[in-house]
Amino acid sequence: MSVHFITGANSGIGAAVARLLAARGEDLWLLARDPGRAAALRAAFPGSHTLVADLAVPGDLAAVLELQGLPQRLDSLLHVAGVLEPGAVGQLGTGPWQEICAVNLLAPAELTRLLLPALRARRGHVVFLNSGAGLHAPPGLAAYAASKFALKALAESLRAEEYPHGVRVTSVYPGEVDTPMQAELHARLGIAYDPATCLTVDSVAEVVAGALDLSRDGTVSDLMLRPG
């Protein structure tokens, strides 16, 4: 049985990935922001291991998670959780920048550091759910795009560093996906939202699973998905 650690499994792409892997009978470790969300995960995924920690405070992750207990062997670490705050550079203060970079960049870096021993033990796989904004920065999303550009750099360095240990690293760059975050972003920007023009969360989950299932003779380093 493969063992997977997933952030962001309460909704959207993270929930779709967790559903797909759970349906295969695999062992899930799911990270929730608070006890209420952890209880919801336990109800949705019976038998899963649930941990509670706030990715917005990456400096506390080591103490909080090691107290709860981390897996000793791990086949994949799936960084799916993320936050987004729209705003032009001339509008956003330091608060949104700090939260976005904490959740989208610093927490994945710290969580990866904490779980690398378990990943090395299984020659595991780290997947970073990036974004099209991690390749091309649109107006009004500077903080989000900057965090995702930096996440790309983190993945590339990690891939080179962990090659001798057999740990594979994949970045996934989906375009618009039908998620609550996408709907909220459209509403805040005053743009009409049509889910039919977006990727489904299940399509993205299938691509993530495909990268995990690739035979050991190769690595899918970067995956770009677009609607349509």
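Axes here are lines fitted to C-alpha atoms, for helices over the stretch in contact, and the angle between two of them, taken between N-to-C directions, runs from 0 to 180 degrees. The legends below describe close-up views of a predicted model.

**View 1. Helix α3 crossing helix α4.**
Helix α3, formed by residues 61–68, and helix α4, formed by residues 94–122, have axes that come within 10 Å and cross at roughly 40 degrees. The two helices, α3 and α4, are therefore oblique to each other, and the crossing in which α3 passes α4 is right-handed. On the α3 side the contact is made by L61, A62, L65 and E66, which meet A107, E110, L111, R113 and L114 of α4. Sorted by class, the residues in this contact of α3 with α4 comprise 6 nonpolar and 3 charged residues, with no polar ones.

**View 2. The largest nonpolar core, seen around F5.**
The largest nonpolar core holds 28 residues, and within this core F5 and L65 touch the most other members. At least two residues each are supplied to this core by β1 (3–7), β2 (27–32), α3, α4, β5 (125–129) and α5 (142–162), and the largest share, 8 residues, comes from α4. When neighbours within four places in sequence are left aside, the contacts of F5 are W29, L31, L51, L70, P71, L74, S76, L77, L78, L111 and L115. As a general point, nonpolar side chains in soluble globular proteins tend to be buried together.

**View 3. Helix α4 alongside helix α5.**
The axes of α4 and α5 come within 8 Å and cross at roughly 15 degrees. That angle makes α4 roughly parallel to α5, and α4 passes α5 in a right-handed crossing. From α4 the contact takes in W97, I100, C101, N104, L105, P108, A109, T112, L116 and R120, while from α5 it takes in A142, A143, Y144, A146, S147, K148, A150, L151, L154, L158 and E162. By class, the residues of this contact of α4 with α5 divide into 15 nonpolar, 3 polar and 3 charged.

**View 4. Helix α1 packed on helix α7.**
Helix α1, residues 12–23, packs with α7 at an angle of about 55 degrees, and the axes of the two helices are 8 Å apart. This makes α1 oblique to α7, and their crossing is right-handed. The residues G12, I13, A16, V17, R19 and L20 of α1 meet V201, D202, V204, A205, E206, V208 and A209 of α7. In this contact of α1 with α7 there are 9 nonpolar residues, 1 polar residue and 3 charged residues.

L212 lies in helix α7, which spans residues 201–213. With a relative accessible area of 14%, L212 is buried, since the cut-off for buried is under 20%. Apart from neighbours within four places in sequence, L212 is in contact with H4, S76, L78, H125, V127 and R168. L154 lies 58 residues from L212 in sequence, and the two are separated in space by 19 Å, C-alpha to C-alpha.

Methods
Residues are numbered from 1 along each chain as its sequence is written. This is a predicted model: local features need pLDDT of at least 70, side-chain atom pairs count only at pLDDT 80 or more; totals for chains, interfaces and linings use all residues. Side-chain values use heavy atoms; hydrogens and water are left out. Helices (H or I, at least four residues) and strands (E, at least two) are DSSP runs, numbered from the N terminus. Angles under 35 degrees count as roughly parallel, over 145 as roughly antiparallel, 65 to 115 as roughly perpendicular and the rest as oblique. A crossing is left-handed if the near helix is turned anticlockwise from the far one by less than a right angle, and right-handed if clockwise. Contact means heavy atoms within 4.5 Å. Ala, Val, Leu, Ile, Met, Phe, Trp, Tyr, Cys and Pro count as nonpolar, Asp, Glu, Lys and Arg as charged, and the others, Gly among them, as polar. A nonpolar core is a set of buried Ala, Val, Leu, Ile, Met, Phe, Trp, Tyr and Cys residues joined through side-chain atoms within 4.5 Å. Buried means under 20% relative accessible area, exposed over 50%, partly exposed in between (1.4 Å probe, protein chains only).
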